Amino acid sequence: MNIKSLAIAAGILTFAGNLSQATAADFADSGKAEASSKYYFAARLGAAFAEDSSFDLNAAAAVPTAIDNLYESSNIMGAIALGKNFGGGFRGEIEVSYGSSEIDAHTIVALPATLSGSSAFGDTSVLTGLVNGYYDFDLGGVSPYVSAGLGAARLDFDNHGVVIPAGGVAGLPAGPITALDDSGTGFAWQVGAGLNVEIDAITTFEIGYRYQSVENVELTAVDGTRTDVDFETHNIIGGLRFDF
């Protein structure tokens with residue numbers, strides 16, 4: 001898993017280095033690069049709405065069960081990207097994004113029992129590297145776009161657990177219980193659509209919707225139970241793109 005993460009980081013650094021060299025050569029050649037050959041840098045910020053996720057647990061004195069994780073309504077995510085306009089409406093980029101979703105409630109499915117508020121804790125963070133492709137529909141100063149991307153993500157389920165109230169729940173002792181505290185790497189992809197608004201010759205404001213999924217991340221609960229976990233978010237993202 002760590003080797004994959006290092007490979008992603010190395011790929012991003014290599015791409016950034018190549019962009020810098022190519023851009024320097026472009027400026028040395030000519031001060032007038034056509035729009036179809038412009039590189040760009042983008043900075044993005046948005047709200048992430050996480051779908052419920054789940055992991056397996058086999059408590060010592062209970063039948064095997066699953067824990068459903070319900071997240072807060074929205075959480076913040078951010079991203080940076082380096083890309084290139086290829087002309088004809090097509091552009092591509094390498095993007096790194098990070099987001100963290102706080103737990104609102106945990107449901108112990110086999111009981112069933114749902115613990116929320118101060119009785120549920122944990123957060124799920126995701127560091128993602130994607131190669132994204134875009135098609136811009138040029139309508140002048142405003143252009144709708146569609147996007148898709150593939151890559152990998154590091155998913156971290158940090159200190160997921162519940163606080164069992166006094167008197168216990170179905171034989172579980174009172175007090176805080178951490179059920180899962182693990183991380184892993186999995187395949188990631190996204191699809192989206194939005195709108196570009198040209199501010200000036202080099203600056204574009206972008207806003208859009210993105211569905212992102214991280215799939216089949218193997219995580220191990222504190223009792224040793226392994227689960228392949230998926231993590232899905234609906235993101236509303238705004239940002240600025242700068243040609244150079």
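Start by selecting Y135: its relative accessibility is 28%, so Y135 counts as partly exposed (buried is under 20% relative accessible area, exposed is over 50%, and partly exposed lies in between, using a 1.4 Å probe and protein chains only). Before going on, note that this is a predicted model, where local features need pLDDT of at least 70, side-chain atom pairs count only at pLDDT 80 or more, and totals for chains, interfaces and linings use all residues. Residues are numbered from 1 along each chain as its sequence is written, and side-chain values use heavy atoms, with hydrogens and water left out.

Now zoom out to the whole protein. You'll find 1 helix and 11 strands (DSSP runs numbered from the N terminus: helices are H or I with at least four residues, strands are E with at least two). From the N terminus, the order is α-β-β-β-β-β-β-β-β-β-β-β. Of the 244 residues, 40% count as buried.

Next, the aromatic rings. A search of the whole structure turns up 6 aromatic pairs (rings of Phe, Tyr and Trp, the last by its six-membered ring, pair if their centres lie within 6.5 Å; planes under 30 degrees apart are stacked, over 60 edge-to-face, and the rest tilted). Select Y71 and F231: their ring centres are 5.6 Å apart and their planes meet at 75°, so this pair is edge-to-face. Y71 sits in strand β3 and F231 in strand β11, so the pair ties together parts that are 160 residues apart in sequence. Are these two buried or exposed? Both Y71 and F231 are buried.

Back to Y135, this time with F90. They also make an edge-to-face pair, at 4.9 Å centre to centre with 65° between the planes. F90 belongs to strand β5 and Y135 to strand β7, so this pair links parts that are 45 residues apart in sequence. F90 is partly exposed, at 48% relative accessible area.

Then pick A50, in strand β1 (residues 39-50). Its relative accessibility is 15%, so A50 counts as buried. Setting aside neighbours within four places in sequence, A50 is in contact with Y71, S101, F231, E232 and T233 (contact means heavy atoms within 4.5 Å). Show T124 as well: A50 and T124 are 74 residues apart in sequence, yet 9.5 Å apart from C-alpha to C-alpha.

Time for the inside. Which residues touch the most other members of the largest nonpolar core? Among its 22 residues, they are L155 and F157 (a nonpolar core is a set of buried Ala, Val, Leu, Ile, Met, Phe, Trp, Tyr and Cys residues joined through side-chain atoms within 4.5 Å). Elements giving two or more residues to this core include β2 (53-57), β3 (65-71) and β8 (142-164). Click on F157 and look for its contacts beyond four places in sequence, among them Y71, T124, L180 and V229. A second, separate core has 5 residues, including Y40, A42, A81 and Y145.

Last stop: the surface. Select F41, I80, V142, L195, I199, F205, I207, L240, F242 and F244, which form a nonpolar patch with about 780 Å² of accessible area together (patch residues have over 30% relative accessible area and no salt bridge; like charges are joined within 9 Å, and nonpolar side chains, namely Val, Leu, Ile, Met, Phe, Trp and Tyr, within 5 Å). A salt bridge is a side-chain nitrogen of Lys or Arg within 4 Å of a carboxyl oxygen of Asp or Glu, and accessible areas come from the Shrake-Rupley method with a 1.4 Å probe, where for residues only the protein chains shown count as cover. The elements giving two or more residues to the patch are β10 and β11. End on F242 in strand β11.
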